[in-house]
Amino acid sequence: MANAPDVNEANFQEEVLDAAVPVLADFWAPWCGYCQRLSPILDELAGETGGKYKIVKINVDQNRSLAQKYGVMSLPTMILFKDGEQAEKIVGFQPKGSLADRIKAHL
């Protein structure tokens with residue numbers, strides 16, 4: 001997960017809401033099988049952003065208040081933030097191409 005850094009409650013404002021580019025926040029947990037399958041896809045995408053957006057990971061077990069605040073009810077859930085606002089919520093495993101298309105729609 002070198003390309004998709006971990007974000008927590010302490011740095012969420014700075015890393016996500018105040019970011020100069022759109023941010024895809026992946027809400028995940030270590031016990032979630034689909035999250036584990038999605039992780040390498042997100043890492044690949046994070047390495048291909050060209051600075052147009054960024055991807056971060058949020059462990060819901062360690063950051064329950066963020067998960068609750070953004071209505072994360074199932075995993076994986078990805079929320080695309082643009083200009084500090086929630087622009088799109090993507091629930092469930094997605095193939096790389098589908099995720100890339102959904103992100104690009106907000107660039």
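## The nonpolar cores

In this predicted model, the largest nonpolar core has 21 residues. A nonpolar core here is a set of buried Ala, Val, Leu, Ile, Met, Phe, Trp, Tyr and Cys residues joined through side-chain atoms within 4.5 Å, where buried means under 20% relative accessible area, exposed over 50% and partly exposed in between (1.4 Å probe, protein chains only). Phe12, Val16, Phe27, Ile58, Tyr70 and Phe81 have the most contacts inside this core. At least two core residues come from each of α1 (12–17), β1 (23–28), β2 (54–59), α3 (64–69) and β3 (77–82), and β1 gives the largest share, with 4 residues. Helices (H or I, at least four residues) and strands (E, at least two) are DSSP runs, numbered from the N terminus.

Let's look at one member. Leaving aside residues up to four places away in sequence, phenylalanine 12 touches Val7, Leu17, Ile58, Leu66, Tyr70 and Phe81; contact means heavy atoms within 4.5 Å. There is also a second, separate core of 15 residues, with Ala46, Leu80, Ile90 and Leu99 included.

## How α2 and α4 pack

Helix α2 (residues 33–46) and α4 have axes that come within 10 Å and cross at roughly 50 degrees, so α2 is oblique to α4. Axes are lines fitted to C-alpha atoms, for helices over the stretch in contact, with angles from 0 to 180 degrees between N-to-C directions. Angles under 35 degrees count as roughly parallel, over 145 as roughly antiparallel, 65 to 115 as roughly perpendicular, and the rest as oblique.

On the α2 side, Leu38, Ile41, Leu42, Glu44 and Leu45 meet Lys96, Leu99, Ala100 and Ile103 of α4. The residues of this contact divide into 7 nonpolar, no polar and 2 charged (Ala, Val, Leu, Ile, Met, Phe, Trp, Tyr, Cys and Pro count as nonpolar, Asp, Glu, Lys and Arg as charged, and the others, Gly among them, as polar).

Glycine 97 lies in helix α4 (residues 96–104) and counts as partly exposed because its relative accessibility is 41%. Its C-alpha atom is separated by 28 Å from that of glutamine 68, 29 residues apart along the chain.

Threonine 49 sits in the loop between α2 and β2. With a relative accessible area of 12%, threonine 49 is buried. The C-alpha atoms of threonine 49 and asparagine 3 are 46 residues apart along the chain and separated by 9.9 Å.

## Notes on the model

Residues are numbered from 1 along each chain as its sequence is written, and side-chain values use heavy atoms, with hydrogens and water left out. Because this is a predicted model, local features need pLDDT of at least 70 and side-chain atom pairs count only at pLDDT 80 or more, while totals for chains, interfaces and linings use all residues.
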